[in-house]
Amino acid sequence: MNRRELTYKNIQIAPSLLSADFANMVRDIKELENAGADLLHCDVMDGVFVPNITFGIKMIEDIRKITNLRLDAHLMIVEPEKYIERFAKAGADIITVHIEAVKNAKQAIKQIKDCGALGGIVLNPETEIHAIKEVLPYCDMVLVMSVHPGFGGQKFIESSLQKLKDIKAMIKALDKDIDLEIDGGINFDNVDQVIDAGANIIVAGNTVFSAKDKKNAINRLRGNKII
Ligand code: DX5
Ligand code: ZN
């Protein structure tokens, strides 16, 4: 096994349903299952925390009924604490809340875990890493936004690479098993860099959904040979 294969061994690909056809969710999710997706990234937006509105609890609940893939709920909403329990009950396996949106990050992560889900903290591009220092030991996952949240298909913000490296170093120093997820503008050209910088869960909306062959796209993101 060469270095590239080794590095890519534990990489998980999380296609973002934001790029799916909402009127054909069943079809699109089945296609992602067949294509080998590891997680489904569900972008929940309220039009207040971000300048866009997508879907909420009912959508997660309905998606839960049609797939066994793990659901990764990215809450881009104000006062996420109010809804954590309902998202968990709806079937989200991972719930991530923005450090910019929570009153008390440690409390919010505890709330997620008490509901039986995995808890993650998200940072916007302009948020510095010291903001998550205190909550990090309690997190199952950190999600680094590499675009300004709100829309798919944006350009990757290069400074996210250094941010990944710095957070990876913080995780290593804690010696804990904390996943590092990257979200926004990931494509075939920059995926190697984000993985080298420490990301192990890769969100991809446009790159997966604009590909004719989604299996091939997921394999390429994962670093497997093109088939
Ligand atoms: C943006 C969302 C992302 C988005 C990623 O607010 O959080 O998950 O769907 O889409 P791409 O991969 O197209 O940048
Ligand atoms: Zn997202």
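**A tour of the ligand 1 site and the cysteines**

Begin by selecting ligand 1 in this predicted model: 20 residues surround ligand 1, and the closest are Asp 43, Gly 150, Gly 153, Asp 183 and Gly 205. By residue type, this shell comprises eight nonpolar, ten polar and two charged residues.

Next, display the polar contacts of the ligand. Select Asp 183, where a polar side-chain atom lies 2.6 Å from an oxygen atom of ligand 1. Move to Ser 16, whose side chain places an N or O atom 2.9 Å from an oxygen atom of the ligand. Then show the backbone of Asn 206, of which a polar atom is 2.9 Å from an oxygen atom of ligand 1. With a surface displayed, note that the protein covers 99% of the 380 Å² of accessible area that ligand 1 has on its own.

Now colour the secondary structure around the ligand. The elements that give two or more residues to the shell are β2 (39-45), β3 (70-76) and β8 (201-204). The largest share, three residues, comes from β2.

Finally, turn to the cysteines. A search of the whole structure finds zero disulfides. Select Cys 42: this residue is in no disulfide, and the nearest cysteine sulfur, that of Cys 115, is 17 Å away. Cys 42 is also buried, with a relative accessible area of 0%. Proceed to Cys 115, which is partly exposed, with a relative accessible area of 31%.

Methods. Residues are numbered from 1 along each chain as its sequence is written. Chains are lettered from A and ligands numbered from 1 in the order in which they are written. This is a predicted model: local features need pLDDT of at least 70, side-chain atom pairs count only at pLDDT 80 or more; totals for chains, interfaces and linings use all residues. Side-chain values use heavy atoms; hydrogens and water are left out. A disulfide is a pair of cysteine sulfur atoms within 2.5 Å. Buried means under 20% relative accessible area, exposed over 50%, partly exposed in between (1.4 Å probe, protein chains only). A residue is near a molecule or strand if one of its heavy atoms lies within 4 Å of it. A polar contact is a pair of N or O atoms within 3.5 Å; within protein, one must be able to donate a hydrogen and the other to accept it, and residues adjacent in sequence count only if both atoms are side-chain atoms. Accessible areas come from the Shrake-Rupley method with a 1.4 Å probe; for residues, only the protein chains shown count as cover. Helices (H or I, at least four residues) and strands (E, at least two) are DSSP runs, numbered from the N terminus. Ala, Val, Leu, Ile, Met, Phe, Trp, Tyr, Cys and Pro count as nonpolar, Asp, Glu, Lys and Arg as charged, and the others, Gly among them, as polar.
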